[in-house]
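Welcome, and please get your viewer ready. We will go from one selection to the next, with a short note on what to look for at each stop.

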Amino acid sequence: MITALVGLPGGGKSTVGRQLAKRIGARFIDSDAVLEERIGMPIRQFFEQFGEAAFRDREEAVIDELTAEAQGAGAQALVLATGGGALLRPANRERLHNRTTVVYLRSTPEELYRRLRHDTQRPLLQVADPLAKLRELFEQRHPLYEETAHYCVDTGRPSVATLVNMIMMQLEVAGLLPAQNEQKGP
């Protein structure tokens, strides 16, 4: 089973993904970390040198590989945190929707701005007005996240542990995870 987390930059995909993987005994992979390892530099530097289109090409190949590899017989359960822009490519949306259980960590641009206002690593937010950029990204990407996701969890102000519990409940109700607290008879 592969659970893929999607959402805007700073929405908690990596943080929540690590904790979710730990709780369900799955491997955790952050597609951005895999990309940085393969390209041999930070994503921000790659964006500056080669542009977004070249980055998205590499990202598409990595998502295809990770979702195909984790589907094999006997493959260990996997939690995959995707980059915020991964769903811009139709091929990524299709592969993630068909090969994984997609959970959209939905955050408002204002929540994300509070979390990211001092961030210097996310290339798309290195602009004069990061809040306006987050609003623009939300307008562009929110429909793609909703179209691709099997489940949606509002991040708001819950703790990471609460978000993990909310995702686990969704997966349990769907029959994708065994119930953690199965009640025994009286």
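Which residues of β1 point one way, and which point the other way? Ile2, Ala4 and Val6 point one way from the strand, whereas Thr3 and Leu5 point the other way, and all are buried. Buried here means under 20% relative accessible area, exposed means over 50%, and partly exposed lies in between, with a 1.4 Å probe and protein chains only. In a regular strand the side chains alternate between the two faces of the sheet.

Before moving on, a word on what you have open: this is a predicted model, in which local features need pLDDT of at least 70 and side-chain atom pairs count only at pLDDT 80 or more, while totals for chains, interfaces and linings use all residues. Residues are numbered from 1 along each chain as its sequence is written, and side-chain values use heavy atoms, with hydrogens and water left out. Helices (H or I, at least four residues) and strands (E, at least two) are DSSP runs numbered from the N terminus.

**Stop 1: the sheet**

Now select the strands. There are 5 of them, forming an open sheet with parallel pairing in the order β2-β3-β1-β4-β5; two strands pair if DSSP finds at least two bridges between them. At the edges stand β2 (27–30) and β5 (151–154), each with a single partner strand, so one side of each has no neighbour in the sheet. On average, neighbouring strands are turned by 20° against each other, direction ignored.

Go back to β1, residues 2–6, and show its partners. It pairs with β4 (residues 101–106) in the parallel sense over 4 bridges. Along this pairing, Thr3 stands opposite Thr101, and the bridge partner of Val6 is Tyr104. With β3, β1 also pairs in the parallel sense over 4 bridges; there, look for Ala4 and its bridge partner Leu80.

**Stop 2: helices on the sheet**

Axes are lines fitted to C-alpha atoms, for helices over the stretch in contact, and angles run from 0 to 180 degrees between N-to-C directions. Next pick α2 (residues 31–39), which lies across β2 and β3 (78–81) and runs at about 60° to β2.

**Stop 3: α2 meets α4**

To see the contact, show side chains including Val34, Leu35 and Ile39 in α2 and Phe55, Val62 and Leu66 in α4.

**Stop 4: α3**

Select residues 43–50. Ile43, Phe46 and Phe47 are buried in this helix. Seen down the axis of α3, these buried residues fall within an arc of 100° (taken from the directions from the helix axis to the C-beta atoms), so they line one face. What covers them includes α2 and α4.

**Stop 5: α5**

Finish with residues 90–99. Which residues of α5 are buried? They are Asn92, Arg93 and Leu96, and they pack against β1, α4, β3, β4 and α7 (130–148). Turn to the face directed away from the buried side of α5, and you will find the exposed residues Pro90, Glu94 and Asn98.

Conventions:
Contact = heavy atoms within 4.5 Å.
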